[in-house]
Amino acid sequence: MRFQSTSMPGCYDPFVPTPKLLVLILVFFATSLISVVTGSTSLMTVPVMIQFGIEPHIAIATNMMALVFMSIGGSLPFARKGVVTRERLPGLTAVTIVGSALGAFFLLAIPKRALELVIAVAMIGVAIFTLIRHDVGGTARLVSGTRETVGYGAAFFLAIYGGFFSGGYVTLLTTAFVLLFGMTFLQSVATTKVVNVFSSAVAVLIFAWRGVVDFKLGALLGVTMFLGAMIGGHTTLKISPVRLRRVFIAVVIGLALKMLFNFAES
């Protein structure tokens, strides 16, 4: 069983052999289980795809397609609990659509070699941020109009990064929603899942228009992540987020260092 990319011929070996495909399915499933809480899904999945020989632009675009499935699957358990902050969704969706579209166009303009370096640096940067941040969001708070306006601005600029790479996007957005909108951590996690559906979907539409999405691989990995997120949304919250974060970040830093090592050698 070998999946063939239908986009950007000549950029990489267009076949994903069965052993690598099985590893990708396992990585995407395990990551979606954990990242319902920790975020930073793409910090794990995209580097693995690149290590398997998938061209970076196609890796990000195909991963973005899978993220749409994962975000939907992750949103459903939280929506049933009624913890999504619905009153801010229209405004957040609007700024996210515009920002994500800009980010997607930025990605397509960056050369392959520079993109690999940007991904590795972003991975390390978000990993450090995740390690040093203090857990906040125990209780919901009222915020001023000025802080709320800043919150929408932050959501817009973060959406640019979300459409560009998405690695750590939800993690950063979760923190911004807690600090600037006064949400609890659970409300923030739930709301970012819904927002990320729109961020990823808009980017996928642009990537598909430019022919850089591997639809067969993206659909398979997307269904895998949907199932993982559904299970993770119900069970992962029972596990210590601190323990999950430590394991997740250790793997992310390891992958980032390997990408930097490969970049230096090439």
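Arg210 sits over the face of Trp209, 5.8 Å from the ring centre; a charge counts as over a ring if NZ of Lys or CZ of Arg is within 6 Å of the ring centre and within 35 degrees of the ring normal. Keep in mind that this is a predicted model, where local features need pLDDT of at least 70, side-chain atom pairs count only at pLDDT 80 or more, and totals for chains, interfaces and linings use all residues. Residues are numbered from 1 along each chain as its sequence is written, and side-chain values use heavy atoms, with hydrogens and water left out.

Now for ring against ring. Rings of Phe, Tyr and Trp (its six-membered ring) pair if their centres lie within 6.5 Å; planes under 30 degrees apart are stacked, over 60 edge-to-face, and the rest tilted. That rule gives five aromatic pairs, including these two:

| Pair | Centre to centre | Angle between planes | Type |
|---|---|---|---|
| Phe105 and Trp209 | 6.1 Å | 80° | edge-to-face |
| Tyr152 and Phe181 | 5.1 Å | 70° | edge-to-face |

Phe105 belongs to helix α4 (residues 89-109) and Trp209 to helix α8 (residues 185-209), so their pair ties together parts 104 residues apart in sequence. Helices here are DSSP runs (H or I, at least four residues), numbered from the N terminus.

Tyr152 is in helix α6 (residues 145-164) and Phe181 in helix α7 (residues 169-181), so this pair ties together parts 29 residues apart in sequence. Ring pairs also link Tyr152, Phe177 and Phe181 into a cluster.

Note on methods
Helices (H or I, at least four residues) and strands (E, at least two) are DSSP runs, numbered from the N terminus.
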